[in-house]
Amino acid sequence: MSIADENMETKLNIRPLHPALGAEVTGLDLAVPLAPGTFQALHQAWMDYLVLVFPEQALSDGQQIAFARQFGELEVHHQDIIKSRAAPEIFRVANVDDDGNLMAAGDPSVAQISLAQRWHTDSSYRPIPSMGSILHGIEVTREGGETWFTNMYRVHDALPAALRQQIEGRKARHDFAHLATLAPIKPLTEAERQAMPAVWQPMVRQHPVTGRKSLFISPIYNDAIEGMADEAGLALVAQLAELAGRDEFIYRHRWSPDDVVMWDNRCTMHQVTPYDLAQRRVMHRATIIGDGPVVAA
Ligand code: OGA
Ligand code: MN
C-alpha cells in the first residue's frame, strides 16, 4: 500500500454506492501525496459522486491532514473542546476524550456531538462555510452510528413549486449558538460567541465547481428565515429537512474501522444515526475551508 504515487498516476477503481450519491474508491493509498493526474481524477469523482468512501486507510492524524490539505487549507474549530490537543486541525467526533477515556453520556461534549443526529452541513455558520469534510473512522460502533448523506442538488430539483417559491431569493440565518437551544452543550465563552456571529446565507446556492443549484439549509444552525416570524421560519426548515430525508436522496454509510469518508459540504447534508453511548466511537475529522462566499442561485 505504500507505493509512492507522487510520480506515478494511479488508476482509481470507482464503485457507485447509491443512485443519488456516494462511491467507493479503491486502489489508492491516501497516506501518499497524489500525482497531479490522480488528484484530478479523484476531484472529478468527488464532484460526480459528492461522497467518496475509501476503505482500509489506516491514516495517522498527520497523514489525514496532509491528504486534506491537497484540497485546501483546513479549519481550526473555534471551541476549546472537541478539537485534538495534538493536532488542532483535527475535530474529534468522539464520545471518548483526548486521553482515551469514555465520556459520560451527559458530558457536554457528548451532547454537542450527538446533535449531529440531525441533518446539517458542517460549518455553515461561518461567513465562508466549509468546502468539504474528511472523516476517519478509528473506533466504530457495531450497531447504529451510521452516517447518512443526502444530495441537496436533487432535493433542490425536486422541490414542489409552492416550496420553491418560498425559498427563491431568500436567506436563512445560521448561528453556531443555536446549538445551545437544542442540547445542554458547554456554555460558549464570550470569545467563542464573538468568533462566530450569526450569518445570513442564500437558501439556494450555486456550486462553484459544477455550477449546479442546491438547497442550502443546515437545520441545527438555522434559527431564522428572512422575512418570516421565527416559528414559521423554523417550520419551513423542518419541512425542507423532511424532504431532504427521503430515501431516494440518501446514501447510508455503515462504518468499518479505518474507513475514510469525504463529502462536499456545498451540496450535501449529513446526520448520524443514534448509537449506544456505552460503546466507544472515535472519528477524526479534517475540515476544508470553503473556496469563497456562498453564491446565490
Ligand atoms: C461530522 C459529523 C457524523 C458522524 O463529522 O461532521 O457530523 O458520523 N459526523 O458522527
Ligand atoms: Mn457534521
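These questions and answers set computed values for a predicted model against the definitions behind them.

Residues are numbered from 1 along each chain as its sequence is written, and chains are lettered from A and ligands numbered from 1 in the order written. In this predicted model, local features need pLDDT of at least 70, side-chain atom pairs count only at pLDDT 80 or more, totals for chains, interfaces and linings use all residues, and side-chain values use heavy atoms, with hydrogens and water left out.

Q: Why is Phe249 called buried?
A: Buried means under 20% relative accessible area, exposed over 50%, and partly exposed in between (1.4 Å probe, protein chains only). Phe249 has 3% relative accessibility, so it counts as buried. It is found in the loop between α8 (230-244) and β12 (250-253).

Q: What does Phe249 touch, not counting residues up to four places away in sequence?
A: Contact means heavy atoms within 4.5 Å. The residues touched by Phe249 include Ala20, Leu21, Phe149, Arg154 and Leu243.

Q: Why is Glu56 called exposed?
A: Its relative accessible area is 66%, so Glu56 is exposed. Glu56 sits in the loop between β3 (51-54) and α2 (61-69). Its phi is near 55°, a positive value in a residue other than glycine.

Q: Why does Asp258 count as partly exposed?
A: Asp258 has 23% relative accessibility, and therefore counts as partly exposed. It lies in the loop between β12 and β13 (260-264). Asp258 is not a glycine, yet its phi is positive, about 70°.

Q: What makes residues 36-49 a helix, and how does the reach of α1 compare with the expected span?
A: Helices (H or I, at least four residues) and strands (E, at least two) are DSSP runs, numbered from the N terminus. Helix α1 has 14 residues. The expected span is 1.5 Å times one less than the number of residues. From first C-alpha to last, α1 reaches 20 Å, close to the 20 Å expected. Among its buried residues are Phe39, Leu42, Trp46 and Met47. Just after α1, Leu50 takes a positive phi of about 70°.

Q: How do you know that the radius of gyration agrees with a compact globule?
A: The radius is taken over C-alpha atoms, and the globule rule is 2.2 Å times the number of residues to the power 0.38. For 297 residues the rule gives a value near 19 Å; the protein has 19 Å, so the two agree. Buried residues make up 54% of the 297.
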